[in-house]
Amino acid sequence: MKVSDFYGRLVTVQSTTDLRLPQVTKLPAIKTSGKQLYCQRCQQTFSKERFHLPNGADYCPYCLQFGRLTSQDSLYTIPEPNLFPVNEQPLSWQGKLSPLQQKCALILKEQAAVKKEFLLWAVTGAGKTEIMFPTISEAIKRKERICIATPRIDVCNELFPRLQQAFDRTSIVLLHASSPMKYHYSQLVICTTHQLIRFYQAFDLLIIDEVDAFPFVNNQLLQMAVAKARKPVSSLLLLTATPTKQLLTKIKQHKLAFGYLPLRFHGHLLPVPRIMTLPNWRRDLLHYQLNRRLFKALKDWFAAGLPVLIFSPEIRLLVEIEKTIKKCFPQLAFSSVYAGDEKREQKVQTMRREKYQFLITTTILERGVTFAKLNVVILGADEQVFREESLVQIAGRAGRSLKRPTGEVIFVCSMLNQAVKRAVKQIKFLNRQGEKISNENLSALSAKQY
Ligand SMILES: [Zn+2]
């Protein structure tokens, strides 16, 4: 192992013979406090009796996926030394921010410089990634270590090449369960929020993108991992297009500073979903039929050459949807995709290259993906799997490109529910704010107004 593998990390080693490093700190992996045990890697507490091995050791049940940690193990760490080269002009990105994006970027930069916690609420398609660039650039100049973490692997995979290109003289690594890269010490880290469990006081700037997404939202273990991965003096930037109630409450209580960007990068408003109440849509599918209204909408879109994402509330419905669409539109090229699909990335790429007319998906593609000229249908938008945040995110897949900055979205429901109503209300609210705002005026919205 290299010395740098220990910088700002909690590392387990098989043999300690090669560990005669003066700076290394050794911590017991599991601490005992009476009948309770505490894991120093994932910071969870658990009872002594329940997680016992035949050899007498206890193990942590919470972070097993990172390798079993027992009371006989130790964790090794070296304080983050920020050993990064001088880099006076780190940003290689040639693009230009709109005046509104610039103002937002300036606020983020100021917050990061004074090591604050800050939430940016920017609508889907506002260009959050590019808005982060000036902040990251300044941090690199200060030789800080920077992490962009997000709950979703797809989002990591989208972010990585963009960051790599935008900062082509800066060391960077992509970390998640199926990442092709191995860990190495780097100034920029793109990872899933799960990976933060392995870090210890590493980051001067930690950005959590899509902070409202599963599995991060309401997950105490991951939220504690964020706190542990930051240096004691550091900034935390939270990015979201759909803040949760908890975040809005924190804003209301003045516990979290926040900025607000209600316009997309191209200045167009968000598509407002059309609601189709079709109580028999599931029954129709079992007969491989589509309701006439839905059929007509799809036919018009396909005739106009517009690609479509169709969201299914369940994996097991994917086959029925495929068969139905094939029967109704036999001439079209398409596929379906779900979380465990081995060809998932390949299919997403094929859709991106416009080789499919449509792709049927579960909520795995609810965020982080951009397809040009897209229209969207959600089947069963009133089903539990689609929370208000998911519905706003999915609707936000449409109209993202300059080629076609508008798009159409259909929510197919058996009946109207609160999540659907609130999602449409939120989109209309954001559009009203977007209409009000001019490029000269970045308004700060108080949570009370919302
Ligand atoms: Zn643990």
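Histidine 254 counts as exposed, because it has 9 C-beta neighbours inside 10 Å. You will find histidine 254 in the loop between α5 (245-252) and β12 (257-261). Helices (H or I, at least four residues) and strands (E, at least two) are DSSP runs, numbered from the N terminus. Histidine 254 also has a positive phi of about 60°, although it is not a glycine. Most residues other than glycine have a negative phi, and most peptide bonds are trans.

Before going on, please keep in mind that this is a predicted model, in which local features need pLDDT of at least 70, side-chain atom pairs count only at pLDDT 80 or more, and totals for chains, interfaces and linings use all residues. Residues are numbered from 1 along each chain as its sequence is written.

Now step back to the whole chain. The protein chain has 11 helices and 18 strands. Its radius of gyration is 24 Å, close to the 22 Å that the globule rule gives for 450 residues, so the chain is as compact as a globular protein of that length. That radius is taken over C-alpha atoms, and the globule rule is 2.2 Å times the number of residues to the power 0.38. Along the principal axes, the C-alpha atoms fill a box of roughly 70 × 60 × 40 Å. Of the 450 residues, 46% count as buried.

The domain assignment gives domain 1 (1-79), domain 2 (99-261) and domain 3 (274-436); such bounds come from an automatic or database domain assignment. The C-alpha centres of domain 1 and domain 3 lie 45 Å apart. Among the contacts with a separation of 6 or more, 75% join residues 24 or more positions apart. Here, two residues are in contact if their C-beta atoms, placed from the backbone, lie within 7 Å.

Let us look at helix α2 (residues 128-141). At 1.5 Å a residue, its 14 residues should span 20 Å, and its end C-alpha atoms are 21 Å apart, which agrees. The expected span is 1.5 Å times one less than the number of residues in the helix. There is a kink of about 30° in α2, centred on proline 134; the bend at a residue is the angle between axes fitted to the seven residues ending there and the seven starting there.

How many of the 14 residues of α2 are buried? The count is 10, so α2 is largely enclosed by the rest of the structure. Among them are Ile131, Phe133, Pro134 and Ile140. The buried residues of α2 pack against several elements, including α1 (99-113), β6 (117-122) and α3 (153-166).

After α2 comes lysine 143, placed in the loop between α2 and β7. Lysine 143 has a phi near 60°, a positive value in a residue other than glycine. With 15 C-beta neighbours inside 10 Å, lysine 143 counts as partly exposed. Another backbone feature is the cis peptide bond from phenylalanine 214 to proline 215, with omega near 0°. Proline 215 lies in the loop between β10 and α4 (220-229).

Next, the interior. A nonpolar core is a set of buried Ala, Val, Leu, Ile, Met, Phe, Trp, Tyr and Cys residues joined through C-beta atoms within 7 Å. The largest one has 126 residues, and Leu108, Leu120, Cys147, Ile190, Leu206 and Ile378 touch the most other members. Helix α3 gives the most to this core, with seven residues. Leaving aside neighbours within four places in sequence, the contacts of leucine 206 include Cys147, Val226 and Ser234. Serine 234 sits in strand β11 and counts as buried, with 20 C-beta neighbours inside 10 Å.

Finally, follow the chain to helix α7, where leucine 294 is found. Leucine 294 is partly exposed, with 19 other C-beta atoms within 10 Å. Leucine 294 and valine 412 are 118 residues apart in sequence and 8.6 Å apart in space, C-alpha to C-alpha. Not counting residues up to four places away in sequence, leucine 294 touches Met276, Leu278 and Val412.

Key
A residue is buried if 20 or more other C-beta atoms lie within 10 Å of its own, exposed if 12 or fewer, and partly exposed in between; C-beta atoms are placed from the backbone.
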